[in-house]
Amino acid sequence: MALIEVKNLKKSYGSIHAVRGISFSVERGEVVGFLGPNGAGKSTTMKLIAGHLRADHGEAIVAGFDVSADPIEAKTHLGYSPEGAPAYSEMTVREFLRFAADLRNLPDPSERVKKTLELCRLNEVAHQTVDTLSKGYRMRLGFAQAVIHDPEVLILDEPTDGLDPNQKFEVRRILKEMASRKAVIVSTHILEEIDELCTRVIVIAHGEVRCDESKEKFLQRGTDLNEVFRKLTA
Amino acid sequence: MSSESSPPTPNAFSAVWAIFNREFAGYFRTPLAYVFLAVFNAFAISLAFFVGNIYEAGVANLDRFFLYHPWLWAFLAPAAGARLWAEERRQGTIELLLTWPISVWQVAIGKFLAAWLFLATALFITLPIAFTVGYLGDPDVGVIVSGYLGSLLCAGACLGIASIASALTRNQVIAFVTGFLACFLLVLIGYGVFDEFIGGLFSPNIIEEVRRIGLWRNLEPFTLGLVDLRPFAYFLTLSFGGLGLSTIIIERR
């Protein structure tokens with residue numbers, strides 16, 4: 001059984017058709033890279049799977065649970081980090097993660113927080129409030145709240161956006177560590193990340209899937225990935 | 001961390017409790033909470049003494065103290081409630097709440113109860129005025145208790161309205177002003193000036209019905225020691241109606 005199943009999802013904002021019938025499925029062990037220009041419908045698709053938005057049509061199934069019919073169960077199996085990694089600015093890193101753990105009713109929450117702080121290398125800022133964090137730490141915190149319950153399904157909206165090369169390396173390292181046990185969707189603008197991060201590529205443009213294939217196949221499309229991207233998303 | 005362990009069952013109580021704790025502690029993370037408590041007490045006491053002349057009245061009761069509470073709550077409940085949803089929207093954390101295994105109504109209840117407890121804290125700090133009346137005279141304790149109960153319910157009603165205003169915008173200032181105006185209207189209804197204003201427009205029967213939806217008209221029985229079902233239901237309707245409506249607004253995003 002695929003951990004993520006998306007069937008003919010559609011979503012409009014007024015007269016704008018953000019997502020026009022997207023279908024795909026993701027198996028355990030796959031890391032799917034979402035590629036596409038800004039406004040292509042990547043974030044909207046992720047929000048629909050995560051249950052933040054309601055689809056006008058179609059369904060999203062996470063770990064066997066329909067996101068709109070059985071949202072609590074679906075969300076229990078899901079970790080989601082929204083674009084920009086929002087967090088409560090007045091809380092410390094530790095407090096914020098503890099809040100996430102308590103809200104999810106995790107057993108032994110302090111141990112979970114401790115492990116997550118270690119996994120995401122957040123120990124040295126554990127006592128800092130969120131509003132004092134650098135971008136790199138903040139993105140890692142967004143990642144941390146998404147993995148604190150070790151979910152089977154992980155959805156990350158631009159987790160490496162605005163990070164320096166070392167910070168990007170860190171995020172990729174953590175992701176690789178856990179990817180074999182999960183179904184992961186990562187959106188990115190950075191074509192070079194595909195090779196290092198993903199096992200599969202889905203290109204989205206104008207609210208439609210333009211290409212859905214293995215990383216190897218995608219990389220064979222041409223030596224100039226920017227050119228490949230332009231053609232696919234035109 | 002192993003993924004073999006099945007995820008913990010979501011628990012409505014623990015989720016509401018987590019929200020409640022975070023929200024209540026949130027009020028005290030900034031100096032604003034202490035300013036709020038000080039302002040509430042300064043106004044509650046000085047209105048009773050200098051405008052209500054509670055001392056010169058020479059009667060050992062608190063009805064001149066409670067008389068101004070609808071005004072205070074109309075201003076301060078929206079001030080405390082403006083952040084409820086607007087702040088989540090501004091910070092983008094609403095997206096976390098909506099994708100964590102918790103329903104919107106659970107979030108709404110946790111938030112509402114935390115804000116209500118905060119307003120209750122402000123109210124309980126005024127207790128020395130009750131003790132003073134008790135020291136100077138021989139008041140009916142039951143009447144004072146029912147007055148406090150009524151004031152607390154009135155605060156909840158204003159908070160219900162404030163939470164609707166907060167759910168509609170990401171801007172706390174707009175949330176505050178809208179909430180204040182709506183509560184202020186409910187304060188005005190039942191006051192002489194307002195009655196004269198609408199008196200020219202409607203028949204006396206209608207005016208009497210309109211007066212019943214004013215805050216003071218419903219608080220007054222409590223300050224006289226009359227715990228009646230009707231005003232009780234009125235305050236709870238506004239509280240939970242506001243709570244329900246704000247939940248619907250957030251869900252229909």
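Predicted model: local features only at pLDDT ≥ 70, side-chain atom pairs only at ≥ 80, totals over all residues.
Figure 1. For 234 residues, a compact globule would have a radius of gyration near 17 Å; chain A has 17 Å, which agrees. The radius is taken over C-alpha atoms, and the globule rule is 2.2 Å times the number of residues to the power 0.38. The C-alpha trace spans about 45 × 40 × 35 Å along its principal axes. Residues and chains are numbered from 1 and lettered from A, as written. Local features need pLDDT of at least 70, side-chain atom pairs 80 or more; totals for chains, interfaces and linings use all residues.

**Figure 2. Interior of chain A.** Buried residues (20 or more other C-beta atoms within 10 Å of their own, C-beta placed from the backbone) make up 50% of chain A. Chain A holds 9 helices and 10 strands, taken as DSSP runs (helices H or I, at least four residues; strands E, at least two) numbered from the N terminus.

**Figure 3. The side of chain A that touches chain B.** Contact (C-beta atoms, placed from the backbone, within 7 Å) takes 28 residues from chain A and 23 from chain B. Helices H2 (71–76) and H3 (93–103) of chain A each give two or more residues.

**Figure 4. H3(A) against H1(B).** H3(A) and helix H1 (residues 12–27) of chain B pack at about 155°, axes 8 Å apart. Axes are lines fitted to C-alpha atoms over the stretch in contact; angles run from 0 to 180 degrees between N-to-C directions. The two helices are therefore roughly antiparallel (over 145 degrees). H3(A) contributes A:Phe99, A:Asp102 and A:Leu103; H1(B) contributes B:Ser14, B:Ala15, B:Ala18 and B:Arg22.

Terms used: Contact = placed C-beta atoms within 7 Å. Parallel < 35°, antiparallel > 145°, perpendicular 65-115°, else oblique. Buried ≥ 20, exposed ≤ 12 C-beta atoms within 10 Å, placed from the backbone.
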